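Here is a short tour of one protein model. Keep the sequence and the 3D view open while you read.

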Amino acid sequence: GRRVVSLGRQFQDSLDSLMGMLDLTAPHFIRCVKPNAALVSDSYDGVYVMRQLEQMGMVHVVRARKQGYAHRYPFDRFISRYGYLKDGLVEDAATCAAYFERHLGTRSPPPGDRAST
């Protein structure tokens, strides 16, 4: 006879299919900003919009890009471009941690492309 598939199994299969599809893509995120708290048309609340942009980190991103940090280079490209700056420098973990602490406020680099070549 015909086998009955449980709701849990259907959900798991659907989730597995979605995860398989996501694994094949390079997703980008779209951030939505609401023009006003009431969600009515033709009404723009600048303070409300700015608060949303600040809370999602977009104001920080814009400031960083205006300062010249608009690109995230893969590690090998970064080293090929700026590697000459490190010639003769000691690169042990303690030294790097001290630089990160002083300049970034943390003892490790921020998340991102850490692939080394």
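The report below goes from the whole chain to single residues.

**The whole chain**

This is a predicted model. The protein chain has five helices and zero strands. Read along the sequence, its pattern is α-α-α-α-α. Of its 117 residues, 6% count as buried. The chain exposes about 10,800 Å², and carbon and sulfur atoms supply 58% of that area. Take the contacts with a separation of 6 or more: residues 24 or more positions apart account for 25% of them.

Start with charge. Side chains of opposite charge can pair when their charged atoms come close. How many salt bridges does the count give? The count comes to one salt bridge. Asp-13 and Arg-9 form a salt bridge through their side chains, at 2.9 Å from N to O. Both residues lie in helix H1, which covers residues 7-23. They sit four residues apart, about one turn of the helix. Asp-13 is partly exposed, at 38% relative accessibility. Arg-9 is partly exposed too, with a relative accessible area of 42%.

Phe-11, Leu-15, Leu-18, Met-19, Met-21 and Leu-22 make one of about 570 Å². Leu-22 has its place in helix H1. Its relative accessible area is 39%, so Leu-22 counts as partly exposed.

**The loop between H1 and H2**

Asn-36 lies in the loop between H1 and H2. Is Asn-36 buried or exposed? Its relative accessibility is 4%, so Asn-36 counts as buried. Its side chain has polar partners on the backbone. A polar atom of the Asn-36 side chain lies 2.8 Å from the backbone oxygen of Val-40. The side chain of Asn-36 also reaches the backbone oxygen of Ser-43, at 2.5 Å. Leaving out residues up to four places away in sequence, Asn-36 touches Ser-43, Asp-45 and Tyr-48.

Val-33 belongs to the loop between H1 and H2 as well. With a relative accessible area of 35%, Val-33 is partly exposed. Which residues does Val-33 contact, apart from neighbours within four places in sequence? They are Val-49, Gln-52, Leu-53 and Met-56. Val-33 and Tyr-48 are 15 residues apart along the chain, and their C-alpha atoms are separated by 9.3 Å.

Follow the chain into helix H2, residues 46-55. Asp-45 caps the N-terminal end of H2. One of its side-chain oxygens lies 3.3 Å from the backbone nitrogen of Val-47.

Which residues of H2 are buried? They are Tyr-48, Val-49 and Gln-52. Seen down the axis of H2, the buried residues fall within an arc of 100°, so they line one face of the helix.

Beyond its neighbours within four places in sequence, Gln-52 is in contact with Cys-32, Val-33 and Lys-34. Just after H2 comes Gly-57, which takes a positive phi of about 85°.

**Helix H5**

Ala-97 is found in helix H5, residues 93-104. At 9% relative accessibility, Ala-97 counts as buried. Setting aside neighbours within four places in sequence, Ala-97 contacts Thr-106 and Arg-107. Ala-97 and Ser-108 are eleven residues apart in sequence. In space they are 6.0 Å apart, C-alpha to C-alpha.

**Accessibility at a glance**

The table gathers the values for residues named above.

| Residue | Relative accessible area | Class |
|---|---|---|
| Arg-9 | 42% | partly exposed |
| Asp-13 | 38% | partly exposed |
| Leu-22 | 39% | partly exposed |
| Val-33 | 35% | partly exposed |
| Asn-36 | 4% | buried |
| Ala-97 | 9% | buried |

The classes follow a cut-off: buried means under 20% relative accessible area, and exposed means over 50%. Val-33, at 35%, is therefore partly exposed.

Definitions and conventions:
Residues numbered from 1 in each chain as written. Predicted model: local features only at pLDDT ≥ 70, side-chain atom pairs only at ≥ 80, totals over all residues. Heavy atoms only, no water. Helix = DSSP H or I, 4+ residues; strand = E, 2+ residues; numbered from the N terminus. Contact = heavy atoms within 4.5 Å. Buried < 20%, exposed > 50% of the residue type's maximum accessible area, 1.4 Å probe, protein only. Areas by Shrake-Rupley, 256 points an atom, 1.4 Å probe, with all protein chains shown as cover. Salt bridge = Lys/Arg side-chain N within 4 Å of Asp/Glu carboxyl O. Patch = residues over 30% accessible without salt bridge, like charges linked within 9 Å, V, L, I, M, F, W, Y side chains within 5 Å. Arc of directions from axis to C-beta. Polar contact = N/O pair within 3.5 Å; in protein donor to acceptor, adjacent residues only side chain to side chain.
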